[in-house]
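Here is a short tour of one protein chain, written for someone meeting it for the first time. Have a look at the picture, then read on with it beside you.

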Amino acid sequence: MTAVAGATFSAAQFNANVRDNLNETAPAKATAASQLFVSTGPNAIAARVPSTARVDTAESTSSTSYVDLATPGPLIAVTTGTIAIVLFACEIANNTNNSLAKCSVVVAGASSVAISDAWALSMDGNAANNFSRASMAHVFTGLTAGNNTFRMQYAVGSNTGTFKNREINVIPL
């Protein structure tokens, strides 16, 4: 529709050319607090919701391969595009000097991303089993858009690692 000075336009024209365009803006599409909006293609946006999960329980493993602890995770199932920023943290210890304890993140669902030391959080232990709090951030790219689950898992280089106050935060893009 082209506006012409002095001309009137109908309610149907207003709705089709003004109201409907305003309904395509991020504020109009927001259905809940704390949503982010990302472009999904030319002239297209989608709402994404950052999420967080936490497990406070101290639990241990002696596995040298990544495993779930007695209380798995924490984990988050969230709708993503092809990218997600993941921040994870925990208090971590190993009961033996110079023995590694580590945690990392695996992705399942629409995407399948194997767990990796490339983005692992790791600490060398000490005989006093002192805990250190640490965090890590990793940007997962090349995801398949859809419902993806991000889950922390745990391993040691040797001996026994203990993990507590575990948390994961996902910013889906």
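Which residues does Val170 touch, not counting those up to four places away in sequence? Val170 touches Pro50, Ser51, Ile76, Val78, Ala84, Ile85, Val86 and Phe150. Keep in mind as you explore that this is a predicted model.

**The chain as a whole**

Let us step back and take in the overall layout. The protein chain has two helices and 11 strands.

How many of the residues are buried? Of the 173 residues, 34% count as buried. The accessible surface of the protein chain is about 9,000 Å², and carbon and sulfur atoms account for 53% of it.

The contacts tell us how the sequence folds back on itself. Among contacts with a separation of 6 or more, 75% are between residues 24 or more positions apart.

**The nonpolar core**

The largest nonpolar core holds 25 residues, and the members that touch the most others are Val86, Phe88, Val105, Phe140, Phe150, Ile168 and Val170. Which elements give two or more residues to this core? They are strand S5 (75–80), strand S6 (84–94), strand S7 (100–109), strand S9 (132–140), strand S10 (146–156) and strand S11 (161–172). Strand S6 gives the most, with five residues. Our opening residue, Val170, is one of the core members named above, and its contacts include the core members Val86 and Phe150.

Tyr154 lies in strand S10. Is Tyr154 buried or exposed? Its relative accessible area is 0%, and a residue under 20% counts as buried, so Tyr154 is buried. Leaving aside residues up to four places away in sequence, Tyr154 touches Thr61, Ser65, Tyr66, Val67, Leu69, Gly73, Pro74, Lys102, Cys103, Phe163 and Arg166. Tyr154 and Ser62 are 92 residues apart in sequence, while their C-alpha atoms are 9.4 Å apart in space.

Met136 is found in strand S9. With a relative accessible area of 27%, Met136 falls between the 20% and 50% cut-offs, so it is partly exposed. Its contacts, again not counting residues up to four places away, are Val86, Leu87, Phe88, Trp119, Ala120 and Leu121. Thr96 is 40 residues from Met136 along the chain, and their C-alpha atoms are separated by 23 Å.

Here are some pairs with their separations, ready for you to find in the picture.

| Pair | Apart along the chain | C-alpha separation |
|---|---|---|
| Tyr154 and Ser62 | 92 residues | 9.4 Å |
| Met136 and Thr96 | 40 residues | 23 Å |
| Gly41 and Met136 | 95 residues | 30 Å |
| Ser112 and Ala5 | 107 residues | 58 Å |

Two residues in the table still need an introduction. Gly41 is found in strand S1 (residues 36–41), and it is partly exposed, with a relative accessible area of 30%. Ser112 lies in the loop between S7 and strand S8 (121–124). The relative accessible area of Ser112 is 74%, and over 50% counts as exposed, so Ser112 is exposed.

**Backbone details worth a look**

Most residues other than glycine have a negative phi, and most peptide bonds are trans. Where does the chain have a cis peptide bond? A cis bond joins Gly73 and Pro74, with omega about 15°. Pro74 sits in the loop between strand S4 (59–61) and S5, and Pro74 is also among the contacts of Tyr154.

Asn43 is not a glycine, yet it has a positive phi of about 60°. You will find Asn43 in the loop between S1 and strand S2 (44–48), where it is exposed, with a relative accessible area of 85%. Asn98 also has a positive phi, of about 55°. Asn98 lies in the loop between S6 and S7 and is exposed, with a relative accessible area of 69%.

Conventions:
Residues numbered from 1 in each chain as written. Predicted model: local features only at pLDDT ≥ 70, side-chain atom pairs only at ≥ 80, totals over all residues. Heavy atoms only, no water. Helix = DSSP H or I, 4+ residues; strand = E, 2+ residues; numbered from the N terminus. Buried < 20%, exposed > 50% of the residue type's maximum accessible area, 1.4 Å probe, protein only. Contact = heavy atoms within 4.5 Å. Areas by Shrake-Rupley, 256 points an atom, 1.4 Å probe, with all protein chains shown as cover. Core = buried A, V, L, I, M, F, W, Y, C linked by side-chain atoms within 4.5 Å.
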